Amino acid sequence: MAELPEKEREVFLLSRKDKKTYREIAEIVGLTQKGVERRMHLALKKLKEKLGTNL
């Protein structure tokens, strides 16, 4: 988690920890919903690579 870039970590935590929707996250961080989806995709991809895909 700590190795994720700040912007991706922020989106990930807002989604998973704070249970915010992508629309809510977009308003909070000033992105489009598509931008939030992209950051979340990148964060999950990096976490899977780091942790392995056999979770």
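Visitor: How are H1 and H2 placed relative to each other?
Guide: In this predicted model, H1 and H2 pack at an angle of about 135° with their axes 10 Å apart, and they are therefore oblique to each other. Angles under 35 degrees count as roughly parallel, over 145 as roughly antiparallel, 65 to 115 as roughly perpendicular and the rest as oblique. Axes are lines fitted to C-alpha atoms, for helices over the stretch in contact, with angles from 0 to 180 degrees between N-to-C directions, and helices are DSSP runs (H or I, at least four residues) numbered from the N terminus.

Visitor: Which residues meet there?
Guide: Glu10, Val11, Leu14 and Ser15 of H1 meet Tyr22, Ile25, Ile28 and Val29 of H2, where contact means heavy atoms within 4.5 Å.

Visitor: And what about H2 with H3, at what angle do they cross?
Guide: The axes of H2 (residues 22-29) and H3 (residues 33-51) come within 8 Å and cross at roughly 100°, which makes H2 roughly perpendicular to H3. On the H2 side the contact is made by Tyr22, Arg23, Ile25, Ala26 and Val29, and on the H3 side by Gln33, Val36, Glu37 and Met40.

Visitor: Back to H1, which residues are buried?
Guide: In H1 (residues 6-16) they are Glu8, Arg9, Val11, Phe12, Leu14 and Ser15, with buried meaning under 20% relative accessible area (1.4 Å probe, protein chains only). H2 and H3 are included in what covers them.

Visitor: What conventions apply?
Guide: Local features need pLDDT of at least 70 and side-chain atom pairs count only at pLDDT 80 or more, whereas totals for chains, interfaces and linings use all residues. Residues are numbered from 1 along each chain as its sequence is written, and side-chain values use heavy atoms, leaving out hydrogens and water.

Definitions and conventions:
Helix = DSSP H or I, 4+ residues; strand = E, 2+ residues; numbered from the N terminus. Buried < 20%, exposed > 50% of the residue type's maximum accessible area, 1.4 Å probe, protein only.
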